[in-house]
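Subject: Structure handover

Hi,

Here is the structure for you to look at. My notes follow below it.

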Amino acid sequence: MARVLKAAAANAVGLFSRLQAPIPTVRASSTSQPLDQVTGSVWNLGRLNHVAIAVPDLEKAAAFYKNILGAQVSEAVPLPEHGVSVVFVNLGNTKMELLHPLGRDSPIAGFLQKNKAGGMHHICIEVDNINAAVMDLKKKKIRSLSEEVKIGAHGKPVIFLHPKDCGGVLVELEQA
């Protein structure tokens, strides 16, 4: 038994010394180019603007984030052109957008029929040039859900990218 313990201790010491060994530094070649020059892109992806969650009861969901979690919560804003009412939950570094359908034809109504308790609907990422992004993504065969950019909940141009082209995630791009 003592022999087994000594062998285990020796292995542990050897492993520990290997873990502390310096890791070789990999340096980028001085001839590398910024990604936007490599791809020929004239637009850049920005920060995560919000995560949108479809909710069956907007007042109840807003009350949870405000009264239970203590978040800053906006008033509900109807957006008839998008078929939703929205409430924004400010998280400091980003926001959550609570979505509730306005009418039966709302895309959120269809989502809630399939997901009775609600759930994550989409993510929104800012871009510095939405028109250039749309043209570039069309060239790359990424489909959008509408032919043209629309004005979103923040009063800024937005477009939604097809989830089948985005790893199963509905992605909204918003002009920064």
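This is a predicted model: local features need pLDDT of at least 70, side-chain atom pairs count only at pLDDT 80 or more; totals for chains, interfaces and linings use all residues.

Ile68 belongs to helix H3, residues 58-68. Its relative accessible area is 61%, over the 50% cut-off, so Ile68 counts as exposed.

S8 has antiparallel pairing with S7 (residues 150-151), over 2 bridges. Lys150 sits opposite Val158 of S8. S7 and S8 form a hairpin, with 5 residues between them. Look at Gly155 in that turn: it has a positive phi of about 80°.

S8 also pairs with S9 (residues 171-175), again in the antiparallel sense, over 4 bridges. Here Phe160 has Glu172 of S9 as its bridge partner.

How many cavities of 30 Å³ or more does a search of the whole structure find? The search gives 1. About 40 Å³ of space lies in the largest cavity. Its lining consists of Val134, Leu137, Lys138, Ile142, Arg143, Ser144, Ile159 and Leu161. Two elements give two or more residues each to that lining: helix H5 (130-139) and S8. H5 has the largest share, with 3 residues.

Best wishes

Methods:
Residues are numbered from 1 along each chain as its sequence is written. Side-chain values use heavy atoms; hydrogens and water are left out. Two strands pair if DSSP finds at least two bridges between them. Buried means under 20% relative accessible area, exposed over 50%, partly exposed in between (1.4 Å probe, protein chains only). On a 1 Å grid over the protein atoms alone, a cavity is a set of points where a 1.4 Å probe fits but cannot get out, and a pocket is an open set with protein on both sides within 12 Å along at least five of seven lines; lining residues have an atom within 4 Å of a point. Grid points are joined across faces, edges and corners, and a volume is the space filled by probe spheres set on the points.
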